[in-house]
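Grab a pencil and work through these exercises with the model on your screen. Each one gives a task, then a solution in steps.

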Amino acid sequence: MLQFDKVVLAVDGFRLTADWSLPAGARVAVIGPSGAGKSTLLSAVAGFLAPQSGQVLWHGADLGPMDPGARPVTILFQDQNLFPHLTLSQNLGLGLRPDLRLSAGQIQQVESVLDRVGLAGMGTRKPAQLSGGQIGRAALARALLRARPVLLLDEPFAALGPALKAEMLTLVAEVAKDTGAVVMMVTHDPQDALAFAGQTVLVANGVAHPPQDTAALFANPPQALRDYLG
Amino acid sequence: MKTSILATGLCCIAFAAPAQTPVLTVYAGDYFTSEWGPGPAIESGFEAFCGCDLQFSTGDLLPRLMLEGERTQADVVIGLSTDVLARARESGLFAPHGQDLSALTVPVDWPDDTFVPFNWGHTAFIYDTTRMDAPPATLDAMRTLPDGVTVVIQDPRTSISGLALVLWVKAVYADQAGAFWADLAPHILTVTKDWSESYGLFTSGEADMVLSYTTSPAYHIMAEEDQTKRAALFPEGHYFMAETVGKIAGTDQPELADRFMAWVLTPEFQKVIPAANWSLPAALPQADWPEGWADLPLPEKVLFLSETEAEALRVEAVEEWRAALSQ
Amino acid sequence: MARRAVAITAAAVAAWVATLVLLPLAAVLWRAGAWPALAQGDGQALWFTLWQALLSAALSCLLAVPVARALARRQFLGRGALITLMGAPFLLPTIVAVMGLIAVFGRSGLINQGLAGLGLAPLSVYGAPGVILAHVFLNLPLAVRMCLQGWQAIPAERFRLAQSLGFAPAQVSRHLERPMLRAVLPGAFAVIFVLCLTSFAVALTLGGGPKATTVELAIYQAVRFDFDLGRAAMLSGVQVALCALVAAVVWHAVATPGFGAGLGRAPLLRVRGVRLMLADTLAIGGAALFLLLPLAAIGLRGLPGLSDLPPAVWQGASRSVAVALASTALTVPAALILALAVTKSGRGAGLMDAVALLPLASSGLVLGTGLFLLVQPFAAPSTLALPVTVAVNVALSLPFVYRLLVPEARIMQADYGRLSASLDLRGLAWLRLVALPRLARPLGFGAGVSAALSMGDLGVIALFASDQSATLPLVVQRLMAAYRLETAAGAALILVGLSFGLFWAFDTWGRRHAAI
């Protein structure tokens with residue numbers, strides 16, 4: 001269970017509060033106006049921003065003292081998810097062992113995950129030789145390898161076209177099912193939220209509201225969401 | 001610590017002499033012990049009869065001695081110039097030499113009981129006959145050099161020869177030294193830190209005249225068979241410079257040090273000086289100079305300020321120079 | 001834990017550098033026992049030192065921008081070789097550099113021969129313009145390389161975006177180049193300013209006389225001639241204070257450009273138009289002529305002396321190479337640790353940044369004298385000549401390597417800091433997989449600079465030198481003192497060749513391993 005316990009986040013005069021929790025296996029869309037603090041919320045879970053007060057807890061344990069890499073979390077950023085100077089296999093291998101001293105079994109694992117996300121045979125390529133969709137798939141493949149119980153998506157597919165994005169969301173759903181992870185996905189698009197997430201967190205006016213049923217939320221949007229949807 | 005271990009591994013360590021052989025440590029100027037200097041011949045010459053191991057230790061002489069003080073490893077110091085003797089004496093590190101100086105052939109009185117000269121020369125402006133047919137005939141003519149004639153000199157604040165030059169001018173012009181510098185200033189192409197930079201500028205054709213020594217042409221004549229470099233000799237006289245040797249009072253080899261000091265005044269040592277040091281021997285009659293040296297044109301009149309006179313004038317002379325050239 | 005280990009190591013390195021610089025100064029001061037007042041002419045020296053350093057640094061940076069931009073956006077045959085060669089003046093021993101400049105700009109140099117051929121009056125290089133000319137000659141290459149690295153660090157994607165938006169060169173300059181220069185130029189300016197601050201033989205020889213007296217000359221006079229240690233320490237303190245001031249100003253002026261990361265595609269800077277083509281040709285051609293002609297003159301001067309070099313030259317050369325390699329092996333890791341710590345942690349970063357500039361401002365002579373005083377109670381200084389040389393070389397070349405690393409380390413941190421943290425990539429694995437490949441270019445360049453600078457150093461060894469430790473610069477000096485000017489020029493050419501060879505080897509390694 002991922003719990004936000006009276007969390008107050010503060011960055012440069014901007015404040016965001018959150019006080020709710022997500023059950024294991026939950027899939028949540030995070031939606032709200034630009035600059036409302038969606039990425040900030042994810043940063044607090046990933047460990048890039050310490051709360052001013054309150055705690056982020058995983059199964060009742062405070063994540064505060066843990067370094068980002070030690071948290072039970074995988075995060076996909078908007079971009080820079082891959083190191084450009086490393087090959088695809090190496091970028092994926094980082095998910096298994098950060099020092100890349102992989103065993104034969106782990107190398108095999110990387111190969112099979114590449115195959116699974118449709119990148120078979122591309123392990124020796126560098127990111128510059130890949131398309132945007134392939135980069136997204138590679139990043140997801142690494143999430144699959146890391147198999148952390150929390151998966152955070154900070155709009156990693158925002159730059160992709162509708163078809164590609166749909167493909168990625170299907171892949172995310174598979175990854176989530178495989179790993180049983182809680183997924184929090186920042187999105188601008190109500191369709192993504194409806195298609196992917198059972199619940200939605202609305203971030204607006206300094207508050208990350210408790211998750212609500214996505215279909216119900218969009219059927220009867222509160223004022224802040226109506227303003228955003230226009 | 002890692003640094004020193006690493007670099008000690010890289011550096012060649014001075015080979016140790018057999019335990020029973022006494023070691024005479026001689027501090028010398030940097031140029032002295034190179035294969036082109038007099039050091040190697042002096043070392044083998046002395047070791048041939050002293051039953052000792054002569055070890056040169058090179059580097060800055062006076063600053064190093066002053067820093068080391070009583071702790072110095074030196075037994076003998078060779079190469080101190082006349083114009084730093086006052087400060088060397090003041091350090092109290094040197095013992096009286098106790099030598100009989102009657103063999104000296106330097107052109108000035110040498111009543112010094114501490115330092116023994118082993119070479120000498122005079123300051124002079126050197127010119128190239130292929131570029132200058134009518135060199136100035138007097139020091140005073142330096143004040144009225146033709147337009148476009150350039151001179152390069154050394155800085156009296158960083159160079160012994162540069163200091164000798166301002167003392168030379170001071171000795172000739174006294175109160176008028178500032179006026180001399182003001183007249184010469186337009187012809188001074190530049191001032192360098194060391195003698196060697198000036199000399200390089202002169203030989204590469206950048207300047208017409210260079211402040212150097214009356215003995216400089218000897219190198220070109222004897223080593224290069226080049227007769228075109230000459231010293232302009234002036235009737236006003238040329239400033240005397242010598243390099244000396246002194247014995248450290250706290251030496252643990254007083255006897256060896258005395259023998260070395262005595263050897264400095266012998267013809268065997270003195271004959272090494274001209275061609276290795278490109279200066280004149282301090283205790284060798286002209287008749288015994290190596291071939292060619294007796295023909296070297298030398299000035300008739302020698303100027304020399306005593307240590308106390310020089311020390312008294314030094315700061316003022318340098319400041320006059322600086323003020324005139326800063327205009 | 002790992003982060004703390006980096007911070008502790010970095011603090012240790014910074015403390016070591018500060019100690020190496022300040023302890024000798026303190027030793028000299030303690031020995032002198034008095035803090036004297038400024039002497040006659042000191043005010044003038046200080047003023048001249050300051051304004052020539054400011055002007056030299058400003059001109060070097062200003063001229064570097066068009067040259068680096070032209071090199072960044074043009075492809076032509078021999079471009080790589082030209083970039084490497086143009087770095088050479090910075091690595092020249094000063095006395096050799098002066099001779100090269102005089103061969104071109106001097107009274108009987110190329111330019112005046114040309115003017116005479118045209119019946120025009122000769123130009124005199126001696127005076128303040130000569131000092132600045134020499135300092136620009138020596139330091140322009142450094143500024144160009146620092147800017148060029150800045151250009152190469154802008155991801156290709158940003159230039160593509162600019163092109164797709166139809167940016168004119170002026171807009172590219174405003175949105176991409178100027179922010180990058182704001183990150184790079186203050187550091188370059190600081191290093192060059194401090195370098196010119198401590199210049200002295202160049203300033204005196206080309207300055208034409210005592211008008212061009214610098215503070216460093218006064219220090220030299222105090223140490224070597226007047227034996228006035230208090231005065232030397234006081235003047236050295238003035239230099240260190242000036243350096244600290246500059247470090248503080250630069251620390252606040254530097255901005256991280258924040259271009260974001262690219263995918264490592266090859267930069268594609270294409271510009272069209274005859275005017276820009278002309279401007280770039282002029283910039284590259286002009287810089288190449290200005291920097292390479294004196295180099296060629298040095299080569300020509302040295303060639304005749306190469307025929308019969310004495311064995312001492314080769315012995316000195318091997319000692320110098322060993323010293324240079326040892327210095328580099330210590331300098332590069334130290335600079336890397338400092339740069340990484342400064343970019344990562346907030347606390348103490350400003351102080352560490354200042355420490356990394358400090359050694360440049362300290363006079364080599366005072367450093368040498370202080371170390372002599374410190375070493376002397378425990379060992380005969382002449383037995384430690386080479387270790388001391390290495391230690392001082394490390395201190396003196398660290399600032400350059402550090403300055404080269406910092407801007408790119410900042411970019412690396414901004415672009416990949418979070419990704420590395422989220423993947424738990426840290427410690428040695430992070431160093432091997434992220435830091436070293438991403439910083440290979442400045443590391444190689446920095447190692448080359450460090451090695452070449454360590455070949456040329458002379459100031460410190462004078463007090464410690466023994467026959468068994470004569471490095472190549474000392475051999476050159478001895479040859480000159482013995483009238484062997486032709487042989488000395490040959491040996492100097494060997495020195496230049498070796499320095500440049502070491503620089504080239506390291507730089508090439510860095511460029512080859514650079515993660516684009």
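**Exercise 1. Find what share of the contacts in chain B with a separation of 6 or more joins residues 24 or more positions apart.**

Step 1: a contact here means heavy atoms within 4.5 Å. Step 2: among the contacts of chain B with a separation of 6 or more, 77% link residues 24 or more positions apart.

Before going on, some ground rules: this is a predicted model, where local features need pLDDT of at least 70, side-chain atom pairs count only at pLDDT 80 or more, and totals for chains, interfaces and linings use all residues. Residues are numbered from 1 along each chain as its sequence is written, chains are lettered from A in the order in which they are written, and side-chain values use heavy atoms, with hydrogens and water left out.

**Exercise 2. Work out how compact chain B is for its 327 residues.**

Step 1: Step 4: 61% of the residues of chain B count as buried (under 20% relative accessible area; exposed is over 50%, partly exposed in between, with a 1.4 Å probe and protein chains only).

**Exercise 3. Decide whether B:Gln20 is buried or exposed.**

Step 1: look in the loop between helix 1 (2-10) and strand 1 (23-28) of chain B, where B:Gln20 sits. Step 2: B:Gln20 has 68% relative accessibility, so it counts as exposed.

**Exercise 4. Describe how helix 5 (residues 160-173) and helix 12 (residues 307-325) of chain B pack.**

Step 1: their axes are 9 Å apart, at an angle of about 95°. (Axes are lines fitted to C-alpha atoms, for helices over the stretch in contact; angles run from 0 to 180 degrees between N-to-C directions.) Step 2: helix 5 of chain B is therefore roughly perpendicular to helix 12 of chain B (65 to 115 degrees; under 35 is roughly parallel, over 145 roughly antiparallel, the rest oblique). Step 3: the contact residues include B:Leu163 and B:Val166 of helix 5 and B:Leu313 and B:Trp321 of helix 12. Step 4: sorted by class, this contact of helix 5 with helix 12 of chain B has eight nonpolar, no polar and four charged residues. (Ala, Val, Leu, Ile, Met, Phe, Trp, Tyr, Cys and Pro count as nonpolar, Asp, Glu, Lys and Arg as charged, and the others, Gly among them, as polar.)

**Exercise 5. Cross between chains: which chains share the most contacts?**

Step 1: two pairs of chains are in contact, and chains B and C share the most contacts. Step 2: chain A and chain B have no contact, with their closest C-alpha atoms 29 Å apart. Step 3: for a helix pair, take helix 7 (residues 195-203) of chain B and helix 5 (residues 94-105) of chain C, whose axes lie 12 Å apart at about 25°. Step 4: these two helices, helix 7 of chain B and helix 5 of chain C, are therefore roughly parallel. Step 5: the residues that meet are B:Glu197, B:Gly200 and B:Leu201 from helix 7 of chain B and C:Ile95, C:Met99 and C:Ile102 from helix 5 of chain C.

Key:
Rg over C-alpha atoms; globule rule 2.2 N^0.38 Å. Helix = DSSP H or I, 4+ residues; strand = E, 2+ residues; numbered from the N terminus.
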